Amino acid sequence: MSPIILGPPPGAEPAGPPPPPKGYAGTPEQLLADKEPPVCGLNIGEAWKALTEQERAYAHWMGRAGWEGARIIMGMWTENTEDLFNLVVKTFTDPTTGELVDLQKYRDAAPELWDEEWDAFLSYSAQVLSNLTNYRSFGNLKFIPRLKPSSLTLAISRSPNATAVLPLWEKLKDEIYSYEPEEATLIGKPSDGHRSGYYLGERISSDKEVARIQKAAEKLGIDVLNTRVFKAAPRVYTLLIASAEVSSEPKTHELEIDGEKLELTVKYGDASEALGRIAKALAEARKHAANEHQQKMIEKYIESFETGDIKAHIEGSRHWVKDVGPVVESYLGFIETYVDPYGARAEWEGFVAIVNKEQSAKFEKLVNRAEHLIEDLPWGKDFEVDEFKRPDFTALEILGFSTGGIPAGINIPNYYEVREQDGFKNVSLSNILSAKAPNEVLTFIAPEDVDFYKAWDTRAFDLQVANHELLGHGSGKLFGEDAQGKLNFDPEKVKNPLTGEKITTWYKPGQTPGSVLGHVSSSYEECRAESVALYLVSNNEILELFGYNDQQGQGGHSGRHIPSYGARWCFVRYHVQGARVYDPKAKRHTQAHMGARLGITNKLIEDGIAKLTLIRNDHGELEDAHIRLLVDLQVRRAIADRKGAIEFYEKLTEPLPGWADELRDLVLKKKQPRKIFAQPNTFVGPDGKIELKEYETTPAGVIESFVQRKL
């Protein structure tokens, strides 16, 4: 009989206490905060050194203006987001110095916590700050701490600032850990049980109700881009307009919309404190502007943010477009409508960046040929812009970006009247594109394809982004009517290529694709731009501009076929990964670009061009399928065909059998944490000069950057 061993076997290490808990019991894995998300820096130091003192001052104050809007972003997600942000920042702020607490002393004050729990505490905090909410900016899904409530309570109670933060913790702790009802873990339509900071008060009951509010605003001549809605009672609403100036006497209007009476009160002053600070920062930036266009741009921005008048921001955007080739580039305001589940109301964002002249020269060549290149698009001259306004296309090194998720490229402004009359700008964010997570785990790639992926992923994406932003978003006409009733097309001559009939619908004054196409508008436009980019990726002229030629062939492919094949191959893989942000109950992707990629991938599979298991279309035989898809996408959007566009797009983006369940489950199991950025700060030094501070690429570095940002 073997002896009973009361301790570890001879020569073995003591077992120690049991391992710490793996997150809060019962929380679905997909709702837990990312474990050890990779943190990337922006590596802006060298570009900063090249700036003059005037350029640094301008960059500082424009950046400050953008970051002052961060609290506006928080309010657009949920009603608790700003309190949560305050909780995290104050927890790590030394009440005596106002700086980051001594993290080692803080850690020593909580010896009961396992190292894994302490790391989870720091990681969750960094993710809340980076997203500016506890919902993922990419996918709109809530994330919950990977440690027990009791452990998080202990961690917060040992903060040097515990007196200030414990009341906030008591207020928020149930919401932080709540994952029921399931619908509330998504940002989306209130009528579906989802959460949204755009629609406050009583629950909005239907899409038709939102459409009536939109029509009421149009009737009053109000652009809803910078608004939120408060519902006081059935058919009784307040339209909250973002402005520094506050309405002393809000105006109430009784209107009849679609045969129903409703009451709409128009109230200015939403986010007034933040917009007041933004206006002050912009006034400082104006003192250091490089030219008259920058000065007038800022003047109009200040007017818009003080009064809530979107028209002033439109005029400011005209000056921004005319400011060609600045050393310091910046844009801010209520820009993108991705977060609004109905696609009409915009989220605040603001960035400041330094132009990368070497990479911009490559894009300049593409711009020079753009007007000729878009002639290759298949929807015909009547559906193309009347005059392609040659844009400024630059590669930027981001210095600061006030947003919950930094994109890889941008095509702005979104105002069609500016794009049509003055042009637009394309920017490729070089230091975002080049940021790579260390030790990246590659999923859904066959072993024999790993080397190809590593060689072509960044280059193919670079090509895709350039085509997407310049030639995708930059092409395609919108048919519309101005305030004087004049149409920008001839209704007697122009025919709908889908039906062969005359055009019967178009955009009326005050309408935009967002307000007309509603919940599909953002994803629809991303699908159109992605389709253009993929269609043109085989264009020999574009490939030559990017340095690809027939002498670079390998493995039986010509040099020009490799990047076009690589772009399609990487594209479909991105879609497969995007299954993680598909909501089976809502039957939609919760991220616009991923919904777009689903639609294109469905079309590739439907036409036999791609298969999920193996995508080997060596010679880019995509054109026939793409012609049909591109014409459908452009025409329905161009003529403001709300019903046809929504029906077409919802069918296009309906997952194939097995994709919404088995494939999605597999993708969730293999999901990799998204990288977050430790963004730098700029400060006015003791001598009045602007100083740059960069942070270590750790969760602690992210936290310190926000503590010192003092939002």
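A: Let's start with E68, which touches A274, R277 and I278 when residues up to four places away in sequence are not counted; touching, or contact, means heavy atoms within 4.5 Å. This is a predicted model, with local features needing pLDDT of at least 70 and side-chain atom pairs counting only at pLDDT 80 or more, while totals for chains, interfaces and linings use all residues. Residues are numbered from 1 along each chain as its sequence is written, and side-chain values use heavy atoms, with hydrogens and water left out.

E68 belongs to helix α2, residues 53-68. Helices (H or I, at least four residues) and strands (E, at least two) are DSSP runs numbered from the N terminus. E68 is buried, at 11% relative accessible area; buried means under 20%, exposed over 50% and partly exposed in between, with a 1.4 Å probe and protein chains only. One of its neighbours, R277, also makes a polar contact with E68, side chain to side chain, at 2.9 Å. A polar contact is a pair of N or O atoms within 3.5 Å; within protein, one must be able to donate a hydrogen and the other to accept it, and residues adjacent in sequence count only if both atoms are side-chain atoms.

E29 sits in the segment before β1 (39-41) and is partly exposed, with a relative accessible area of 48%. The side chain of E29 makes a polar contact of 2.6 Å with the side chain of R146. E29 and I144 are 115 residues apart in sequence, yet their C-alpha atoms are 9.5 Å apart in space.

Of the contacts between residues at least 6 apart in sequence, 74% join residues at least 24 apart.

At the start of α12, a side-chain oxygen of D309 comes within 2.9 Å of the backbone nitrogen of K311. Since 10 of the 13 residues of α12 are buried, this helix is largely enclosed by the rest of the structure. The buried residues include I310, H313, W320 and V321. Among the elements that the buried residues of α12 pack against are α11 (292-307), β7 (328-336) and β11 (425-429).

Ring pairs link W320 with Y301, F305, Y331, F334 and W348 into a cluster. Rings of Phe, Tyr and Trp (its six-membered ring) pair if their centres lie within 6.5 Å; planes under 30 degrees apart count as stacked, over 60 as edge-to-face and the rest as tilted. The charged end of K425 sits over the ring of W320, 4.5 Å from its centre. That label requires NZ of Lys or CZ of Arg within 6 Å of the ring centre and within 35 degrees of the ring normal. R674 likewise lies over the face of F138, at 4.0 Å from the ring centre.

The structure holds 23 aromatic pairs. One of these joins F351 and F401, a tilted pair with 5.4 Å between centres and 40° between planes. F351 lies in strand β8 (residues 347-356) and F401 in strand β9 (residues 392-402), so the pair ties together parts that are 50 residues apart in sequence. F351 is buried at 2% relative accessible area, and F401 is buried at 0%.

Finally, a few backbone details in loops. The peptide bond joining E180 and P181 is cis, with omega about -5°, and P181 is in the loop between α8 (162-177) and β2 (199-201). I412 to P413 is also a cis peptide bond, with omega near 5°, and P413 is in the loop between β10 and α14. N140, although not a glycine, has a positive phi of about 60° and is buried, at 7% relative accessible area. D258, in the loop between β5 (251-257) and β6 (260-270), has a positive phi near 50°, and at 53% relative accessibility D258 counts as exposed.
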